[in-house]
2 protein chains.
Amino acid sequence: MAGDDVMERPREDEDEAYALTPETMDGIVEAAEAGDDAALRKLLDVLHPADIADLIEQLGGEDRQRLLSVMGDGLDGEILSEMEEGLREEVIGSLDPGQLEAALGDLESDDVVEIIEDLEPERQAEVLEALDAEDRAAVEAALSYPEDSAGRLMQREVAAVPEHWTVGRAIDWLRKSENLPEQFYHLILTDPRMHPVGYVTLGRVLGARRDVRLDTLREDSFRVIPVTQDVEDVAYAFNQYHLISAPVADGDGRLVGVITIDDAIRVLDEENEEDLLLLAGVGDESLNDRTWAITRQRFPWLAVNLVTAILASAVIAQFEGVIAALTALAVLMPIVASMGGNAGTQSMTVAVRAIATKDLTGANAWRVLRREVAAGLLNGLAFAVIVGIVGLLWFGSPMLGVVIGAAMIINLVVAGFAGLLIPLALEKVGIDPALASGAFVTTVTDVVGFFAFLGLAAVVLL
Amino acid sequence: MAGDDVMERPREDEDEAYALTPETMDGIVEAAEAGDDAALRKLLDVLHPADIADLIEQLGGEDRQRLLSVMGDGLDGEILSEMEEGLREEVIGSLDPGQLEAALGDLESDDVVEIIEDLEPERQAEVLEALDAEDRAAVEAALSYPEDSAGRLMQREVAAVPEHWTVGRAIDWLRKSENLPEQFYHLILTDPRMHPVGYVTLGRVLGARRDVRLDTLREDSFRVIPVTQDVEDVAYAFNQYHLISAPVADGDGRLVGVITIDDAIRVLDEENEEDLLLLAGVGDESLNDRTWAITRQRFPWLAVNLVTAILASAVIAQFEGVIAALTALAVLMPIVASMGGNAGTQSMTVAVRAIATKDLTGANAWRVLRREVAAGLLNGLAFAVIVGIVGLLWFGSPMLGVVIGAAMIINLVVAGFAGLLIPLALEKVGIDPALASGAFVTTVTDVVGFFAFLGLAAVVLL
């Protein structure tokens with residue numbers, strides 16, 4: 001058998017096995033520019049909607065318009081669903097009601113909700129118009145739950161059966177059922193009051209004899225999600241407990257929907273991206289936002305930084321006389337501030353991440369603090385020796401070396417303190433630590449760095 | 001029915017619905033400290049292994065030891081599997097061979113592989129010893145694949161049937177089968193040479209009549225993962241295409257295993273954490289690492305920062321004479337450098353994230369560059385006016401205001417360039433942009449910031 005490998009599988013460059021390759025992109029752009037609609041359709045046909053969405057995002061204005069007009073009537077709702085929201089709004093705006101109706105027609109209600117909730121109010125009304133009565137009711141019901149709650153994330157189609165049923169009865173019911181979810185992985189077991197009380201994986205159902213009672217096959221991992229729970233907590237539960245799907249219950253404990261792993265991953269991925277960007281002082285922006293949008297979006301972060309920088313400058317201003325007497329201080333002072341800022345950012349990022357994953361709590365904060373401060377002290381000592389020697393060799397002054405070394409130790413120890421305590425304190429008062437920690441930490445390390453260095457210099461060197 | 005809510009569901013504070021609550025933690029610590037093993041066991045019994053692992057991670061040395069000794073013989077392998085790797089190695093070291101064997105006995109082979117691959121070689125041998133012959137063979141086979149490849153991530157137990165089978169035949173086979181995976185969501189369809197050629201969700205199998213051929217129920221989303229593919233690409237595919245499971249094939253295209261979404265999420269989450277920490281100059285560390293470990297680990301990053309800081313100082317040193325003549329320059333110069341550093345970090349973080357999600361490619365790099373530079377120019381103009389006025393009011397010199405404003409514009413434009421081009425260039429030459437971009441970008445913005453400000457001052461003000 002090993003010899004007759006006639007149907008050779010294509011062996012691509014494995015690095016690019018799953019991405020939209022540059023060659024495919026080029027082919028599509030060429031076909032679009034040549035106006036060769038047939039070739040374009042053929043190239044698009046083999047792509048996954050997620051890849052087509054990426055493609056549209058990456059194309060420039062004219063190519064994008066041409067592509068959208070070729071896809072025109074046949075625009076797959078999945079593509080809209082995969083698209084980054086700013087662009088999605090633009091594309092939806094360019095569709096006529098018939099096209100929009102066709103695109104949204106074959107989406108699950110949770111995907112429609114996700115599309116709709118990001119739109120401006122007037123567009124929302126347009127999109128709701130385009131839905132048939134049943135879908136519209138489902139979407140409106142979902143929108144009645146708070147933003148970022150489980151109720152927005154769930155799908156309402158569920159595969160649920162009474163807990164006392166047997167495998168055979170469940171299979172017969174499934175074969176007759178018309179309204180099953182597109183994808184489902186568990187049968188949810190309910191009591192007579194429609195409270196979800198357990199679930200069985202489909203694999204177990206398939207592996208058991210027809211006369212086995214479903215409730216004997218229950219999974220341990222069963223968890224019920226309250227419909228008003230924040231999606232962030234939902235995503236945490238899916239990640240922590242390796243859930244594939246979980247029933248959602250209303251305030252009376254009744255089954256109202258189900259959340260599946262793909263929804264949870266999307267939330268998890270968005271949270272991760274948000275933390276990464278917030279830590280760098282970038283809010284909710286995308287590669288497709290226009291210049292003006294990102295300029296305005298980044299301005300406030302830079303403005304906060306300006307205030308902290310001016311604070312640091314005010315510290316320096318206290319020592320103008322010292323600097324005038326010894327300009328070497330002006331040369332060396334950014335080193336102390338910069339090292340403190342870096343060490344503080346290290347501690348802070350570890351803390352922000354650990355808070356997000358619920359690994360840093362009251363139970364270990366004190367232990368972690370001692371460790372951060374001790375590490376700051378040790379690295380402070382190491383770098384004190386190094387910069388002390390640099391100071392000595394560069395400016396020929398042993399005392400200058402001692403001053404910069406001592407300032408380095410002070411600043412790295414303070415960086416360890418501030419890097420941990422500032423995110424913890426922000427979390428405590430209900431502010432997202434990823435959002436605001438950076439500005440506070442660098443303010444502290446800048447101010448302490450300049451003050452320690454110039455202050456010591458004033459005392460020791462003058 | 002609505003009235004007789006006798007079996008009230010517990011309504012916890014929803015914020016804490018899923019986390020290890022401080023109360024639970026306190027109870028466990030108390031029981032451990034009182035030596036009340038019975039109470040301790042009772043408290044632990046209701047916790048998910050992932051929560052117990054978190055608990056062990058968060059406890060201090062003595063409490064941790066007490067807890068581990070109470071769990072002793074009955075230590076669940078799942079807990080080891082959920083534990084952060086540094087601590088896991090410590091715990092495994094404290095177990096005797098019998099305990100280790102018991103703990104690993106009920107894990108799936110892919111979980112054992114994950115535990116084993118992080119251990120020191122001598123411990124690896126110990127753990128392999130503790131496995132029964134069949135499991136050992138499975139684990140050794142997995143370890144024969146390269147690190148971070150699909151072969152390490154997959155499980156070898158698969159639910160696969162010939163593509164020409166009917167639903168009925170598959171169900172009969174599943175009912176008889178002894179060696180099914182613990183969790184599976186698809187039936188993989190194979191051709192006579194054991195090549196995976198499609199898959200069917202279990203939901204479809206359950207919903208179809210017994211005489212329906214499986215290959216008529218195939219899913220579109222089917223993708224085969226090459227066994228040597230990097231896990232990062234595997235995770236990307238799961239995320240991009242919303243996969244729940246995917247078959248893995250060897251170089252001849254034969255089915256050798258299956259990867260499920262829970263493995264992919266773990267990789268995705270690790271990648272996200274890695275990017276976040278790398279961008280902040282923190283490598284692979286955890287809250288449980290000891291002081292000495294994190295000190296050594298962070299040292300090189302600080303050392304790189306020291307070099308860039310000294311470079312910036314060298315630039316300042318060129319202008320000592322200028323500073324001596326006008327100490328206001330020393331006061332104001334950190335503002336220009338700091339603003340540039342922040343703006344550069346903003347651009348860079350957006351770029352690093354977009355490269356990781358494959359959203360920033362050759363197709364749109366030019367367009368994104370123009371946008372970043374334009375945004376830098378616009379914010380540069382805005383902040384030029386602001387700092388110009390600050391300079392004027394503070395030091396009463398209109399020309400000083402003009403100089404700092406001009407330097408601000410230059411540095412923010414350069415920050416836009418550097419923030420985008422440095423990550424792209426690093427990616428091009430095969431270096432992880434998250435790893436090295438930060439040092440380069442801040443070097444550029446520091447050097448340019450000081451040079452532009454002091455250089456312009458030398459020309460204009462003296």
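Strand E3 of chain B, residues 196–201, has five of its six residues buried, so the rest of the structure largely encloses that strand. What you're looking at is a predicted model, and chain B can be laid on chain A with an RMSD of 0.1 Å.

**How the two chains relate**

- To bring chain B onto chain A, you turn it by 180 degrees and shift it 0.0 Å along the axis.
- That's the relation of a two-fold axis.
- Both copies use the same surface, as 100% of the contact residues of chain B recur in chain A.

**The three-stranded sheet in chain A**

- In chain A, three strands make an open sheet, in the order E1-E2-E3, with mixed pairing.
- The edges are strand E1 (160–162) and strand E3 (196–201) of chain A, each of which pairs on one side only.
- Going from one strand to the next, the twist averages 35 degrees.
- E1(A) pairs with strand E2 of chain A (residues 186–190) in the parallel sense, over three bridges.
- Within that sheet, look for Val161(A), which sits opposite Leu189(A) in E2(A).

**E2 and E3 in chain B**

- Strand E2 of chain B (residues 186–190) and E3(B) run antiparallel, joined by five bridges.
- To spot the pairing, find Leu187(B), which stands opposite Val200(B) in E3(B).
- The hairpin of E2(B) and E3(B) has five residues between the strands, and Met194(B) takes a positive phi near 65 degrees there.

- Strand E5 (residues 245–249) of chain B is joined to E6(B) by five bridges, and the two run antiparallel.
- In their hairpin, which also puts five residues between the strands, Gly253(B) has a positive phi near 80 degrees.
- Five of the six residues of E6(B) are buried, so this strand too is largely enclosed by the rest of the structure.
- Ile259(B) belongs to E6(B), which covers residues 255–260, and Ala246(B) stands opposite Ile259(B).
- Is Ile259(B) buried or exposed? It's buried, with a relative accessible area of 0%.
- Beyond its neighbours within four places in sequence, Ile259(B) is in contact with several residues, including Ala150(B), Leu153(B), Met154(B), Phe238(B) and Val248(B).
- Leu243(B) is 16 residues away from Ile259(B) along the chain, and their C-alpha atoms are separated by 9.8 Å.

**The nonpolar cores**

- Which residues touch the most other members of the largest nonpolar core? Among its 70 residues, they are Met333(A), Phe453(A), Met333(B) and Phe453(B).
- Not counting residues up to four places away in sequence, Met333(B) touches Ala330(A), Met333(A) and Pro334(A) in chain A, and its chain B contacts include Ile316(B), Phe450(B) and Phe453(B).
- Another core, of 49 residues, lies apart from the largest one, and its members include Leu243(A), Leu153(B), Phe222(B) and Val248(B).

**The annotated spans in chain A**

- An unreviewed UniProt entry annotates "transmembrane region" at residues 299–317, 323–343, 377–396, 402–426 and 438–461 of chain A.
- In the model, residues 377–396 of chain A are 95% helix and 0% strand, with end C-alpha atoms 26 Å apart.
- Residues 438–461 of chain A are 100% helix and 0% strand, and the end C-alpha atoms of that span lie 33 Å apart.

Note on methods:
Residues numbered from 1 in each chain as written. Chains lettered and ligands numbered in written order. Predicted model: local features only at pLDDT ≥ 70, side-chain atom pairs only at ≥ 80, totals over all residues. Heavy atoms only, no water. Pairing = 2+ DSSP bridges. Helix = DSSP H or I, 4+ residues; strand = E, 2+ residues; numbered from the N terminus. Axes fitted to C-alpha atoms, helices over the stretch in contact; angles between N-to-C directions. UniProt positions renumbered as here; feature names shortened; annotations may be inferred. Core = buried A, V, L, I, M, F, W, Y, C linked by side-chain atoms within 4.5 Å. Buried < 20%, exposed > 50% of the residue type's maximum accessible area, 1.4 Å probe, protein only. Contact = heavy atoms within 4.5 Å. Least-squares fit on C-alpha atoms with pLDDT ≥ 70 in both.
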